[in-house]
Amino acid sequence: MAVVYKRVALIGLGLIASSMFWAIKRGGLAGTVTGYARSAETRDTARQIGLCDQVCDTINDAVQDADLVVLCVPVGAMGAVAAQIAPYLKDGATVSDVGSVKRDVIEQVGPHLPASVAFIPAHPLAGTEHSGPTSGFAELFDNRWCLLVPADGTPAPAIAALRTLWEGIGCNVEEMDADHHDLVLAVTSHAPHLIAYTMVGVADDLRRVTDSEVIKYSAAGFRDFTRIAASDPTMWRDVFLTNKDATLEILGRFTEELFALQRAIRTGDGDHLHAYFTRTRAIRRGIIEAGQDTDAPDFGRAKLKP
Ligand code: NAP
């Protein structure tokens with residue numbers, strides 16, 4: 001594959017940035033990749049494991065001369081990081097991010113950036129419950145979606161280059177409006193995470209009553225919830241604080257449906273339950289047919305992480 005950007009800067013060196021780096025190297029997509037993280041500990045770890053061609057001790061060293069700068073920090077930190085890098089950006093550079101929420105990031109980052117750079121927010125729909133510089137792997141994004149959210153008037157060649165990079169990293173790329181993105185992700189990711197956090201919290205309360213039975217007899221459904229509920233607390237706190245409206249909208253609908261199912265159980269309405277579960281089973285089949293998961297009993301996860 002050909003080099004897409006001569007110099008890429010990754011700001012924040014956690015799961016997403018480290019996976020991007022390994023995938024960029026696998027594909028030969030950049031001449032040089034610089035990296036920066038706020039803590040000396042993360043920078044030292046990155047150097048030890050060969051994460052980035054050059055790990056910089058200051059954020060300005062990392063971004064100056066970069067053709068592409070990708071912000072890979074929690075959503076709530078994007079604005080502050082954009083303010084730090086703005087004076088050092090090269091004219092004609094592209095700034096992007098990987099945040100899980102898009103409208104809030106656009107509002108935080110956009111005002112800090114000079115008119116001479118293109119800002120193209122992005123969100124790769126791939127992750128694990130692990131975080132930090134050692135958690136990344138090149139295959140994380142293979143056959144996953146990456147959504148680009150460019151503003152009107154963004155130069156087409158800048159969008160095309162970022163698309164080529166993400167395709168080289170392994171993603172299928174689509175463009176989407178920011179508000180639509182936030183609503184879709186509230187349904188597919190944010191509300192499910194909150195439900196998993198709640199379910200694990202409830203089970204933890206129960207464990208106090210039944211000793212360790214919840215863990216001992218933990219069935220696959222609950223184990224999947226615990227995996228999701230082990231996700232990074234900072235990242236998920238920021239997701240809910242910044243995608244507030246869409247998440248509350250979906251949780252409202254969820255609560256209504258839950259009440260309807262609760263009533264069906266109480267009144268013995270088996271037809272309602274059966275019809276509901278038949279509809280949801282068809283959705284699962286659709287996801288498998290779309291190639292977004294496998295029908296392996298472990299949801300194919302064993303294949304995702306080497
Ligand atoms: P991560 O592994 O926890 O790494 C976060 C990085 O951001 C670390 O290098 C950390 O620096 C830095 N950081 C944390 N707080 C900061 C602050 N206040 N100011 C400056 N830097 C800060 O996180 P991640 O999973 O890679 O997530 C990064 C972004 O990707 C988030 O916006 C998230 O919404 C998005 N995303 C995540 C997933 C997922 O499943 N994990 C999927 C798609 C998108 P130190 O190490 O020095 O503390």
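In this predicted model, a polar backbone atom of Gly132 lies 2.8 Å from an oxygen atom of the ligand, a polar contact being a pair of N or O atoms within 3.5 Å. The protein covers 83% of the 910 Å² of accessible area that the ligand has on its own, by the Shrake-Rupley method with a 1.4 Å probe. Because the model is predicted, local features need pLDDT of at least 70 and side-chain atom pairs count only at pLDDT 80 or more, while totals for chains, interfaces and linings use all residues. Residues are numbered from 1 along each chain as its sequence is written, and side-chain values use heavy atoms, with hydrogens and water left out.

**Ligand surroundings**

- Ser39, Thr42, Val73, Ser100 and Gly132 come nearest among the 27 residues around the ligand, where near means a heavy atom within 4 Å.
- A backbone N or O atom of Leu15 is 2.8 Å from a ligand oxygen atom, and a polar backbone atom of Ile16 is 2.9 Å from an oxygen atom of the ligand.
- Helix 1 (15-27), helix 4 (78-85) and strand 6 (118-124) each give the shell at least two residues; helices (H or I, at least four residues) and strands (E, at least two) are DSSP runs numbered from the N terminus.
- The shell holds 15 nonpolar, eleven polar and one charged residues; Ala, Val, Leu, Ile, Met, Phe, Trp, Tyr, Cys and Pro count as nonpolar, Asp, Glu, Lys and Arg as charged, and the others, Gly among them, as polar.

**Helix 1 and helix 6**

- The axes of helix 1 and helix 6 (residues 156-169) are 8 Å apart, at an angle of about 90 degrees, with axes fitted to C-alpha atoms over the stretch in contact and angles from 0 to 180 degrees between N-to-C directions.
- The two helices are therefore roughly perpendicular, the class for 65 to 115 degrees.
- Met20, Ala23, Ile24 and Arg26 of helix 1 meet Leu165, Trp166, Gly168 and Ile169 of helix 6, contact meaning heavy atoms within 4.5 Å.

Technical notes
Polar contact = N/O pair within 3.5 Å; in protein donor to acceptor, adjacent residues only side chain to side chain. Parallel < 35°, antiparallel > 145°, perpendicular 65-115°, else oblique.
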